[in-house]
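Here is a short report on one protein model. Read it with the structure open beside you.

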Amino acid sequence: MTSKRQVLRADVQEGIQNRLVQGNWRPGSRLSIDGLARELEVSPTPVREALVALERSGLIEYQALKGFVVAPPLTPEQIDELIDARGLLEGAAFTRAFAHWDALVEDLRRAHAEHSAIADRIAAADEPDYALIHEYFDADATFHEAFFQHAGNHYLASMREVLNTHGHRMRQTWSEGPEQIDSAEAIGEHAEILARVSEHNHDGALDALRRHLEGVRVRSTRLAGGAEQ
Ligand SMILES: [Zn+2]
């Protein structure tokens, strides 16, 4: 049952989440329920509900006496763990999805074309366009989502949902603007996965996926300030 109230709460949550991943607020800053309600022109109730939901994503934290505050970006160690878990889960989903090869390859081709087109638009833009950057991350996620759509296992899909919400925090590391976006590398790595899948090369594709996630790990960790180089 989707009521008007749930729709409103979802909109409010998306609005606040966008501000969080765009780095509008510094880590540790307090999020005032009344202030946000005024800013978003809604009552405090959906704001409070949205903040409770966002707390589960790790983007914000609840602190006694202070209330909701912006969580710090993921540490390099947390990024390592998150990517490790993604690798295990995506590898398992990929192998299951490979059994439905025709549908999988079609969805991956479509997702990759969309992802590349958005990366081109970001490269061509003169100014940081956060709506576009948002679309870019969504398009990247859609590519990976295809593994789960064809894996035929709802439990795997819901485990991905859990990791995904935490993945939003990775975006905080990329919030400095489009020059920080790893589009050239990521698009190339996705193209490699797609090429191996197109050849019906399961092991080669799995290797390419592993290299892609390793690339994401190295690039994110570097942004988070933990890399040696
Ligand atoms: Zn990717």
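## A buried arginine

Arg 160 is buried, because its relative accessible area is 6%. Buried means under 20% relative accessible area, exposed means over 50%, and partly exposed lies in between (1.4 Å probe, protein chains only). The model is predicted: local features need pLDDT of at least 70, side-chain atom pairs count only at pLDDT 80 or more, and totals for chains, interfaces and linings use all residues. Residues are numbered from 1 along each chain as its sequence is written, and side-chain values use heavy atoms, with hydrogens and water left out.

Arg 160 sits in helix H7, residues 154-173. Helices are DSSP runs (H or I, at least four residues), numbered from the N terminus. Which residues does Arg 160 touch, not counting residues up to four places away in sequence? They are Leu 89, Glu 90, Ala 141, His 144, Glu 145 and Phe 148. Contact here means heavy atoms within 4.5 Å. Ala 131 is 29 residues from Arg 160 along the chain, and 24 Å separate their C-alpha atoms.

## Arg 160 and its partner

Side chains of opposite charge can pair when their charged atoms come close. Glu 145 and Arg 160 form a salt bridge, with the closest N and O atoms 3.0 Å apart. A salt bridge needs a side-chain nitrogen of Lys or Arg within 4 Å of a carboxyl oxygen of Asp or Glu. This pair links distant parts of the chain: Glu 145 is in helix H6 (residues 130-149), Arg 160 is in helix H7, and they are 15 residues apart. Glu 145 is partly exposed, with a relative accessible area of 23%.

The two side chains also make a polar contact, Arg 160 to Glu 145, at 3.0 Å. A polar contact is a pair of N or O atoms within 3.5 Å; within protein, one must be able to donate a hydrogen and the other to accept it, and residues adjacent in sequence count only if both atoms are side-chain atoms.

## Other salt bridges

How many salt bridges does the rule count? The count comes to 13. One of them joins Asp 80 and Arg 217, whose closest N and O atoms are 2.9 Å apart. Asp 80 lies in helix H4 (residues 76-97) and Arg 217 in helix H9 (residues 202-223), so the pair ties together parts that are 137 residues apart in sequence. Asp 80 is partly exposed at 32% relative accessibility, and Arg 217 is partly exposed at 24%.

Arg 210 and Asp 207 form another salt bridge, at 3.0 Å between the closest N and O atoms. They are three residues apart in helix H9, so about one helical turn separates them. Arg 210 is exposed at 53% relative accessibility, while Asp 207 is partly exposed at 34%. Salt bridges also link Glu 192, Arg 196, Glu 199 and Arg 211 in a network.

## Two domains

The domain assignment gives domain 1 (4-70) and domain 2 (76-223). Such bounds come from an automatic or database assignment. The domain centres, taken over C-alpha atoms, are 27 Å apart. In domain 1, 11 residues are in contact with nine residues of domain 2.

The area buried between the domains is about 900 Å², and carbon and sulfur atoms give 53% of it. Buried area is the accessible area (1.4 Å probe) that two parts lose on being put together, summed over both. Val 21, Gln 22 and Ser 57 supply 48% of the area that domain 1 buries against domain 2.

Terms used
Helix = DSSP H or I, 4+ residues; strand = E, 2+ residues; numbered from the N terminus.
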